[in-house]
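Student: Can we go through this fold together? I'd like to start with the helices.

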Amino acid sequence: MVDMLGFISDQLDQLGVPYEFGEWTSEISYPYFVGSFDEIEHRAYTGGVFTLDGWSRGSKSKLSLAEVNDKVKEKFKDLTAVQEGTAFFITYRNALMPPTGEEDLHRITITLNTNEWKGA
C-alpha cells in the first residue's frame, strides 16, 4: 500500500496538484486535495480504490476543480508503470461534485481504481 500511495503522490506532484494524504496539514490555499485509500488484498496482488477529495472557494472555483479533474483523468486513464520490482496499474473511475451546503465552497471527489503487483 505504501508503494502505491507514494507512486500516486509522485504523479499528482508532477501534475502540480496541491495534495496531502489523510488530511490537509498545510496552510489552506484553494484549491487543495486530500487522498484516502481503501485497500483490497488478493492472493496475487493488492488492489484498491484511491479517492481524491478537492475543495475550492470563489466564483470560478468549480472550474478550477474541473480542470484538475481533467488532468487527473488524462494522467490516470490507463497508467501502467514498474518501479523497483513493483508494477502499478491505475485507472480513472469517475468524479462527482457533491454539494457542500455552503454557497462559495465547492468540492470534487475523484476516484481511481488501483492494482499493485510485487516481484518475487
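Student: At what angle do H1 and H2 pack, and how far apart are their axes?

Tutor: The model is predicted: local features need pLDDT of at least 70, side-chain atom pairs count only at pLDDT 80 or more, and totals for chains, interfaces and linings use all residues. Residues are numbered from 1 along each chain as its sequence is written, and side-chain values use heavy atoms, leaving out hydrogens and water. H1 and H2 pack at about 125°, with axes 11 Å apart. Axes are lines fitted to C-alpha atoms, for helices over the stretch in contact, and angles run from 0 to 180 degrees between N-to-C directions. Helices (H or I, at least four residues) and strands (E, at least two) are DSSP runs, numbered from the N terminus.

Student: Which residues meet there?

Tutor: From H1, Gln 11, Leu 12, Gln 14 and Leu 15 meet Lys 71, Val 72 and Lys 75 of H2; contact means heavy atoms within 4.5 Å.

Student: Switching to the sheet, what is the strand order?

Tutor: Six strands form an open sheet with mixed pairing, in the order E1-E2-E3-E6-E5-E4. Strands E1 (19-21) and E4 (79-83) are the edges, each pairing on one side only. Two strands pair if DSSP finds at least two bridges between them.

Student: How many bridges join E4 to E5?

Tutor: Five, and the two strands run antiparallel. Val 82 stands opposite Ala 87 in E5.

Student: Which strands does H2 lie across?

Tutor: H2 (residues 61-75) lies across E2, E3, E4, E5 and E6, at about 15° to E6.
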